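The sequence and structure come next.

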Amino acid sequence: MAKILAVDDSASMRGMVAFTLRGAGHEVTEAENGQLALDAAGGSAFDLVLADVNMPVMDGISMVRALRAKPEYKGVPILMLTTESHTEKKMEGKAAGATGWLVKPFDPEQLLATVKRVLG
Amino acid sequence: MATVDLSQFHQTFFEESHEGLDAMEAALLALDSGSTDHELVHTIFRAAHSIKGGAATFGFADMAAFTHVAESLLEEVRSERRAVDAGLIDLLLRSLDCLRGMLDRTSRGQPAADAGSEALRAELAQLVAGAPAPAAVQASAAPATGWAIRFVALPHLLQTGNDPLRVFNELQTLGRLEVLRAFVTESAPADFAALDPGQCHLGWELRLHGAVARADLDAVFDWLDGDCELAIAPLAAAATEAVVATPVPVAAATPAAETPAPAREATVASGAGHTDGGSIRVGIDKVDALIDMMGELVITQSMLSDIGEHFDLSQLERLREGLAQLERNTRELQDSVMRIRMLPIGSVFNRFPRLVRDLERKLGKQVRLELHGEHTELDKTVLEKIGDPMVHLVRNAIDHGLEMPEQRRAAGKSETGTLTLDAHHEGSNIIVRISDDGAGLSHERIRAKAVERGLVSATQPLSDDEVAELIFQPGFSTAAQATDLSGRGVGMDVVRRNVRDLGGSVGVKSVAGQGSVFTIALPLTLAIIDGLVTTVGAERYIVPLISIVESLRLPADAVRRTAGGGEVFRFRDEYLPVIRLHHAFGCADAVTAIERGIVVVVEDGGQRVGLLVDELVGQQQAVIKSLEKHYQQVQGVSGATIVSDGSVALIVDVGGVVRLGRRGKAA
């Protein structure tokens with residue numbers, strides 16, 4: 001199963017994402033903000049990164065940009081967890097190098113379907 | 001169907017939302033006091049945004065709807081389309097109060113929205129000028145019989161983590177996919193050696209047959225916006241039939257995309273009705289310290305068992321060393337474990353800027369709030385319960401203590417009064433001080449009120465401290481006219497009782513014209529006390545060190561009988577009642593002659609009494625085990641513990657014994 005990095009400053013959202021993915025058999029690492037995600041990404045290779053946009057310390061957009069600057073993260077799927085009211089954030093995320101997005105609110109089924117969509 | 005019980009995340013959501021609202025409040029107050037730091041606006045926005053996302057995810061629609069409008073308003077502020085003024089800050093503060101209420105109602109399982117929240121939501125919505133209505137789901141256009149798609153990947157497509165194969169897989173789930181042509185784009189380098197496998201130089205001409213809605217088709221390509229050139233046109237009915245080109249089947253090259261998802265066993269037992277024991281966030285450093293200590297303890301243990309295995313007297317010194325090390329480890333481990341429950345008092349202090357601001361406006365006073373020692377750590381239980389008494393004291397200080405600006409000016413003081421909250425360690429106690437530079441306690445008025453209430457007689461001589469003590473008497477209120485803030489009878493006696501329930505004490509010092517200082521002394525933890533082990537007959541009793549004034553041996557003639565049948569003795573300048581613990585607790589075979597026992601003078605809430613015990617054994621830290629939980633509540637006993645020889649000792653509840661003694665005397 002896949003190694004997934006879940007990045008969200010909200011413990012409840014992160015918990016929900018991690019729990020759902022672990023339930024589906026994935027190995028999930030959690031990070032509280034973009035900076036901690038970068039630290040985690042430096043020490044381990046992930047198959048997929050799921051990241052919130054609005055986070056303290058380092059937001060999701062800057063995190064994507066920094067991840068894409070690493071050669072080993074060139075083609076790794078990165079999905080932004082974003083809210084529908086922020087269409088412009090989707091494009092900002094894309095411009096930074098994100099693969100796609102998952103619109104909040106989503107339920108566990110939608111999350112798993114999207115992950116499946118990316119990982120095949 | 002895979003079901004994940006989301007209710008297990010509700011408590012986390014409530015907690016983090018409250019934290020978010022606290023951060024939002026602090027940031028709003030900072031903006032209110034003139035800060036222009038843009039990061040503050042981000043903090044406020046982020047908090048609202050997170051709550052909205054969580055509320056929507058966990059199905060709290062009312063809260064999601066409310067935060068949605070609040071967030072829209074904040075988005076205008078963040079993008080500098082709306083200026084921050086006092087009115088907006090007021091509105092946002094009211095909104096976060098409203099959200100707190102909604103959170104509380106939601107956590108109790110009640111409907112979150114009420115008339116107040118709906119009205120406020122309408123007010124917010126009105127303010128959000130020209131806010132776009134939530135995007136309605138676009139009605140799907142009449143499905144065509146099929147689509148002609150020209151899909152050309154841009155070289156960087158793979159680097160965004162996307163994959164054309166995914167697109168084909170998804171298209172196949174919509175209808176029958178036919179690849180007319182696959183081609184290499186002009187971006188490809190002519191020289192094969194120069195080809196970068198990370199770049200994509202391919203394009204496809206596709207036909208998708210079937211009644212596929214355009215929206216579904218767009219959804220397949222949504223993530224590829226900017227990563228490909230895309231042209232989509234409906235197939236003319238005739239054209240569909242006219243297709244003669246040999247279709248290239250893609251199915252063979254791709255794994256079946258429609259395999260039903262295997263049943264996932266993510267199902268969790270329903271969380272309905274499970275009670276929450278509360279949780280605590282612990283810094284990693286504290287956990288690491290704990291693991292360090294544990295490591296040391298294991299080393300000591302193996303050293304001791306090594307000594308024990310081949311012990312002879314020559315090793316006595318090593319055994320002693322080992323035991324000393326064990327004692328050190330145990331103490332350090334105890335400290336580390338205790339520290340897990342310790343949280344900075346800042347979380348309580350943070351309530352006050354808002355409270356002070358509200359009171360300022362309401363009362364027309366000017367107050368500068370100073371906070372010191374926010375990092376001082378307190379036991380979580382103590383921390384949770386100290387907030388209310390502190391709120392009461394702060395309200396009192398602003399309501400009764402600080403004067404109106406004109407009065408202050410007349411008294412030659414700055415028009416702005418200063419209220420200081422300070423926390424620091426003092427021995428095994430935490431001292432919290434609430435001081436104001438107001439008028440101080442009015443001894444005349446307190447006295448007059450106390451006489452009116454029958455608490456003291458008009459002629460009784462009272463020291464200043466004794467007069468100040470009167471405000472802690474039940475039912476006492478000095479406010480000439482009860483405001484809606486304080487002076488409603490729930491007064492300082494309630495504050496004192498709350499603090500006392502936490503094993504602490506509260507007192508006041510005041511200087512007329514210069515202000516008052518309320519001092520709360522709290523134990524570091526509720527779980528452990530430093531105590532003096534005493535014997536009474538065959539029993540052992542532990543008296544908390546914090547309440548001991550002195551221990552002394554009295555000659556027989558030092559004790560006098562009072563008319564009521566009680567016994568008193570002279571201690572310093574006052575007569576104190578003697579409470580014979582063997583009487584109070586009904587112990588057999590105890591020392592009954594005063595001169596053969598020891599009198600331990602203890603103090604509780606300004607009241608001193610002497611406790612008669614047989615002997616003093618020594619000082620010990622006692623881990624309090626609740627009697628109530630294991631047996632039942634016993635008057636005069638706050639709990640039990642195990643002393644060093646393994647026997648059980650009862651911990652004396654000094655306040656309870658004092659009351660017991662007083663009742664015995666009255667009887």
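## Strand pairing around S12(B)

Two strands are taken to pair if DSSP finds at least two bridges between them. The model described here is predicted. In chain B, strand S12 (residues 528–536) and strand S20 (residues 615–623) pair in the antiparallel sense, over 8 bridges.

S12(B) and S13(B) form a hairpin with 2 residues between the strands, in which Gly537(B) takes a positive phi near 60°. Strand S12(B) is mostly covered, with 7 of its 9 residues buried.

## Chain A

Chain A contains 5 helices and 5 strands. Along the sequence they follow the pattern β-α-β-α-β-α-β-α-β-α. Chain A has 120 residues, of which 53% count as buried. Taking the contacts in chain A between residues at least 6 apart in sequence, 59% join residues at least 24 apart.

In soluble globular proteins, nonpolar side chains tend to be buried together. The largest nonpolar core of this model has 70 residues, and the members that touch the most others are Leu5(A), Val7(A), Val49(A), Leu50(A) and Ala51(A).

What does Val49(A) touch, not counting residues up to four places away in sequence? The residues are Leu5(A), Val7(A), Leu67(A), Val76(A) and Ile78(A). Another core, of 37 residues, lies apart from the largest one and includes Phe349(B), Val356(B), Leu419(B) and Ile434(B).

## Contact between the chains

In the contact between the chains, 33 residues of chain A meet 29 residues of chain B. On the chain A side, the elements that give two or more residues are helix H1 (11–23), strand S4 (78–83), strand S5 (100–104) and helix H5 (108–119). H1(A) provides the largest share of that side, 8 residues. By class, the side of chain A that touches chain B has 13 nonpolar, 12 polar and 8 charged residues.

## H1(A) against H1(B)

How do H1(A) and H1(B) run relative to each other? The axes of H1(A) and helix H1 (residues 10–32) of chain B come within 8 Å and cross at roughly 155°. Angles over 145 degrees count as roughly antiparallel, and the two helices H1(A) and H1(B) are therefore roughly antiparallel to each other.

From H1(A), the residues Ala11(A), Ser12(A) and Gly15(A) meet Thr12(B), Phe13(B) and Glu16(B) in H1(B). By class, this contact of H1(A) with H1(B) has 2 nonpolar, 3 polar and 1 charged residues.

Within helix H6 (residues 164–174) of chain B, the residues Arg166(B), Val167(B), Phe168(B), Asn169(B) and Leu171(B) are buried. Which elements are included in what covers the buried residues of H6(B)? Chain A contributes H5. From chain B come strand S1 (146–153), strand S2 (176–184), strand S3 (202–209) and helix H7 (214–221). H5(A) is also one of the elements that give two or more residues to the side of chain A that touches chain B.

Methods
Residues are numbered from 1 along each chain as its sequence is written. Chains are lettered from A and ligands numbered from 1 in the order in which they are written. This is a predicted model: local features need pLDDT of at least 70, side-chain atom pairs count only at pLDDT 80 or more; totals for chains, interfaces and linings use all residues. Two residues are in contact if their C-beta atoms, placed from the backbone, lie within 7 Å. Helices (H or I, at least four residues) and strands (E, at least two) are DSSP runs, numbered from the N terminus. Ala, Val, Leu, Ile, Met, Phe, Trp, Tyr, Cys and Pro count as nonpolar, Asp, Glu, Lys and Arg as charged, and the others, Gly among them, as polar. A nonpolar core is a set of buried Ala, Val, Leu, Ile, Met, Phe, Trp, Tyr and Cys residues joined through C-beta atoms within 7 Å. A residue is buried if 20 or more other C-beta atoms lie within 10 Å of its own, exposed if 12 or fewer, and partly exposed in between; C-beta atoms are placed from the backbone. Axes are lines fitted to C-alpha atoms, for helices over the stretch in contact, and angles run from 0 to 180 degrees between N-to-C directions. Angles under 35 degrees count as roughly parallel, over 145 as roughly antiparallel, 65 to 115 as roughly perpendicular and the rest as oblique.
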